[in-house]
Amino acid sequence: MKFLLIAVTLLATATLFWFCKHPKYGAGNFPSEQLRWGSGGGFTGRENSFTLFENGQIFKMEGKDLVVEVDKTKAGKAKKLVERADKLELAKMDFQHPSNLYYFLEYQEDDMVQRITWGDPKFPVNEQVKALYDELNALVAK
């Protein structure tokens, strides 16, 4: 009887693990929904960006070529950050006020890509957008 109880418990745990497992992405097979953030400009004009997926993977892109996985956060936290971007309606927001140094948030779903940029002190970005940007940066700050 004990053996049967242990076997059923192990089987239930394994099944739960199987269904909760999130896919792992690599360069070239990214999902359709992505949340990107970063900065650029300055003397070199170079742009550095990070991409967060709902499974918690974080990739770094330097310039237009190099894409490497740099970190991971919990899938629940990643999902909440993407949901915050949805609530802020980043996909509908039109805010283009860069300066020599600029910062951006970009939301992509399928073929739709919406990017907001800021940096011009005359046009401050919404505080909630800035807070989301800061929280995303905290994921990769080490």
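Two strands pair if DSSP finds at least two bridges between them. Helices (H or I, at least four residues) and strands (E, at least two) are themselves DSSP runs, numbered from the N terminus.

The structure is a predicted model, in which local features need pLDDT of at least 70, side-chain atom pairs count only at pLDDT 80 or more, and totals for chains, interfaces and linings use all residues. Residues are numbered from 1 along each chain as its sequence is written, and side-chain values use heavy atoms, with hydrogens and water left out.

The protein has three helices and seven strands. Read from the N terminus, their order is α-β-β-β-β-α-β-β-β-α. Of its 142 residues, 33% count as buried; buried means under 20% relative accessible area, exposed over 50%, and partly exposed in between (1.4 Å probe, protein chains only). Contact means heavy atoms within 4.5 Å. Among contacts between residues at least 6 apart in sequence, 47% join residues at least 24 apart.

Start with the strands. Strand 1 (residues 33-41) and strand 2 (residues 47-52) run antiparallel and are joined by six bridges. Gly40 has Glu47 of strand 2 as its bridge partner. Five residues lie between the two strands of this hairpin, and Gly42 takes a positive phi near 80° there.

A second hairpin is made by strand 6 and strand 7, with two residues between them. Its strands run antiparallel and are joined by seven bridges. Glu109 stands opposite Met112 in strand 7, and Asp110 in the turn has a positive phi of about 55°. Strand 7 also pairs with strand 5 (residues 96-97), in the parallel sense and over two bridges.

In helix 2, the buried residues are Ala75, Ala78, Leu81, Val82 and Ala85. Seen down the axis, these residues fall within an arc of 125°, so they line one face of helix 2; the arc is that of the directions from the helix axis to the C-beta atoms. Lys80 and Lys87 are exposed on the other side of helix 2. The buried residues pack against strand 1, strand 2, strand 6 and helix 3. The length of helix 2 can be checked too: at 1.5 Å a residue its 13 residues should span 18 Å, and the end C-alpha atoms are 18 Å apart, which agrees. The expected span is 1.5 Å times one less than the number of residues. Just after helix 2, Glu89 takes a positive phi of about 55°.

At the start of helix 3, a side-chain oxygen of Asn126 reaches to within 2.6 Å of the backbone nitrogen of Gln128.

Which residues touch the most other members of the largest nonpolar core? They are Trp37, Leu90, Leu105, Val129 and Leu136, in a core of 24 residues. Strand 1, strand 2, helix 2 (75-87), strand 6 (101-109), strand 7 (112-118) and helix 3 each give two or more residues to this core. Helix 3 gives the most, with six residues. A nonpolar core is a set of buried Ala, Val, Leu, Ile, Met, Phe, Trp, Tyr and Cys residues joined through side-chain atoms within 4.5 Å. Leaving out residues up to four places away in sequence, Trp37 touches residues including Phe50, Ile58, Leu105, Tyr133, Leu136 and Val140.

Polar residues can be buried as well. Gln34 lies in strand 1 and is buried, with a relative accessible area of 6%. The side chains of Gln34 and Arg36 are joined by a polar contact of 2.5 Å. A polar contact is a pair of N or O atoms within 3.5 Å; within protein, one must be able to donate a hydrogen and the other to accept it, and residues adjacent in sequence count only if both atoms are side-chain atoms. Thr73, in the loop between strand 4 (66-72) and helix 2, is buried at 14% relative accessible area.
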